[in-house]
Structure formats: C-alpha cells, structure tokens
Amino acid sequence: MHIVIRLSSLRSEHSRRLAGIALMLFAVLVFSCGDALGKLIVSTYSVGQLLWLRACAALLLLAPMIWRNKEEFAKLERPGLQFLRVALSTSEVASFFLATVYLPLVDVVTYYLACPIFVTALSAIVLGEQVGWRRWSAILVGFSGVLIALEPSAQSFSWPGLIALFGSLSFAGLMLITRQLRGTPDVVIVTWQFAGTFLLGAVLAPIGWVTPTPQSMLLFASAGMISVCALLCLSRSLKLAPASAVVPYQYSQIFWAVIFGFLVFSDVPSLATLVGAAIITGAGFYIFLRERKLGREEPTMGTPG
C-alpha cells in the first residue's frame, strides 16, 4: 500500500490544504466502515480480542513496508512524543469499541464529533496555528448540530458515554501530536500505533477468549486492512494541512454512522439526528469555502523539507 499524494507534488499551501481535506474525507469514510465492522465483531468477541487480532492482521499487511523502511525505525523522531501518541491512540481505539458494546454506533460517533472543538482550541495554543473567528464560528455551529443530534440528557453522562467522550479527547490529542510529528514517515507512525493496540490486546484477549470461526477470521483480517488504509490517509492528511483545517471534516462521520447503523444494525435515526446532521454539513461546507478563499489569498510557498 502506498500513499500517492507526495509533498513534493503539491507546491502551494492552497493545494496542500485541499489535498489534506480530500484525504481526511476519505479517511473518515474508511474509518466508518471499520467502526461498523468492529461493532459487529464485539457483539460476539471481546474488545481485547478485536484489538489483538485486528493489530495482527494490520502488522502482517505492513510487514513489507516495515522491511523496506527499517532504517527509519532506527532514527525515531522525538521518542517521548511518539510514546505519548501511541498511548493516546491505544486508549482512543479501545474506548471507541468498548463504548459501541453499550451504545448505538451513531451515538458513539456523535460523542467523537466533539473532537474538532478540542483540536481547534489546542492547535491554537499548542501548535500556534492561526484560527480566525469565522472558522471558530463555523466549528461552534457544527458542534451545536452535534448537540442537537445527541439530544443531551442524564443518560448522555452514563459511564459508556463518558468512555466515548474520553476516547474523543484522546483522538484530539492523537491528531495534534501527529501534526507535530509530520517529519516521521507514515509507515513508522502507523506501525507504532498498531504495536500499541497489539500489546493492549495481547493482555486483554485471554479474558473471555472465544475461538474465532474461519468466517470471523476474515472479519478480523478485514478490520486490520481497513484500519491500515484509514490511518495512512489520516497521517498524510495531517502532514499536508494544519490540524485545525482538516479535522473539522470529521463531522462527515455522522452521515456514515447513520447509513451503516441503519443498513447493518437496523438503527433508525431520529429527527434530531437528521437535523443535527444537516447543520453539521452546512458548517463543514462553509469551512471548505473559507479554505478555498484563504488559499487564493495566500502566496505560493515552497515545499517544506
């Protein structure tokens, strides 16, 4: 597997941003397929078993890329930050699939849609990225759509909901750190991420182990392949564009959650979910138009080293 969009082929800031947005949208679609597949798996198998077998499949798929880039693993950039990223990615994926055991897929995804708010705030504080008031306004409008879709109540603050919210915070931190580590090759970033879930899964999998059927092994293998594709696209997206520019497009995930929830789990979305989704779409479209306008105003820049 090879990401064909190279930094050297995108010479302007505008083109890099648009390519980053396109990759983020595709990554969200692929992630959504993996989320639905994971929820289907954890209805029979434990979360630990899913994490371990999914990671095994992913690492096997990555093995040829790891071998070709083995020198890159010997000169790891900022090891402390790499370790923190692995910890956040492991807690995020474990939290997501654990929450789906108890909540509908669209509910868990809606919690995760709070992530752009966290990323936008932290990208300005931690990364020093410029976030104007128009983008802040659009993101807050999008978040209001999330609240409408979620229909907050006392049940929203149940422990499965808090697990999902913790996963959303972890995911925000993960994407910010990925942006800081944009000098690290994609294969290194993704390999260490799966190494973290492999270790956690190896610890948890023996608890309540259920021997997979051949058909289930195909599902585990598919989950691994889907996650490799999604993470490679996500990593490259955050290298091409600022986190605050691409992360808001995570809002599109709610539409895929509604579609997969209905097709796979027969979950019928409420009117509030549909209204919230429409608001989220409008906010995301405005951000896209704003990015195009900013791109026309920005001078052409050389490719970063």
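**Exercise 1.** Determine the handedness of the crossing of α1 and α12, and describe the contact behind it by residue and by class.

Solution. In this predicted model, the crossing of α1 and α12 is right-handed. The geometry comes next: α1 and helix α12 (residues 253–265) pack at an angle of about 35°, and their axes lie 9 Å apart. On the α1 side, the contact is made by V28, L29, S32, C33, D35, A36, K39 and L40, which meet Q253, W256, F260, V264 and F265 in α12. Sorting these residues by class gives nine nonpolar, two polar and two charged.

**Exercise 2.** Classify the packing of α2 against α10 from its angle, then list the residues that meet.

Solution. Begin with the axes of helix α2 (residues 47–68) and helix α10 (residues 214–240), which are 7 Å apart and at an angle of about 60°. Because roughly perpendicular begins at 65 degrees and roughly parallel ends under 35, α2 is oblique to α10. The handedness of this crossing is right-handed. From α2, the residues Q49, L50, L53, R54, A57, A58, L61 and L62 take part, and they meet M217, F220, A221, A223, G224, M225, S227 and V228 of α10. By class, this contact holds twelve nonpolar, three polar and one charged residues.

**Exercise 3.** Are α4 and α8 roughly parallel or roughly antiparallel to each other?

Solution. The axes of α4 and α8 cross at roughly 150° and come within 8 Å. Since an angle over 145 degrees counts as roughly antiparallel, α4 and α8 are roughly antiparallel to each other. Their crossing is left-handed, and the residues of the contact divide into 14 nonpolar, eight polar and two charged.

**Exercise 4.** How many cavities of 30 Å³ or more does the model hold, and which helices supply the lining of the largest cavity?

Solution. The count at this cut-off comes to one cavity, and about 380 Å³ of space lies in the largest cavity. The next step is its lining, which consists of 29 residues, with F31, D35, R54, E92 and V93 nearest the centre. At least two lining residues each come from α1 (13–41), α2, α4 (79–102), α8 (159–180), α9 (186–204) and α10, and α1 provides the largest share, seven residues. By class, the lining has 18 nonpolar, eight polar and three charged residues.

Technical notes
Residues numbered from 1 in each chain as written. Predicted model: local features only at pLDDT ≥ 70, side-chain atom pairs only at ≥ 80, totals over all residues. Heavy atoms only, no water. Axes fitted to C-alpha atoms, helices over the stretch in contact; angles between N-to-C directions. Helix = DSSP H or I, 4+ residues; strand = E, 2+ residues; numbered from the N terminus. Parallel < 35°, antiparallel > 145°, perpendicular 65-115°, else oblique. Left-handed = near helix turned anticlockwise from the far one by under 90°. Contact = heavy atoms within 4.5 Å. Nonpolar A, V, L, I, M, F, W, Y, C, P; charged D, E, K, R; others polar. 1 Å grid on protein atoms, 1.4 Å probe; cavity = no way out; pocket = protein on both sides within 12 Å on 5 of 7 lines; lining within 4 Å. Points joined across faces, edges and corners; volume = space filled by probe spheres on them.
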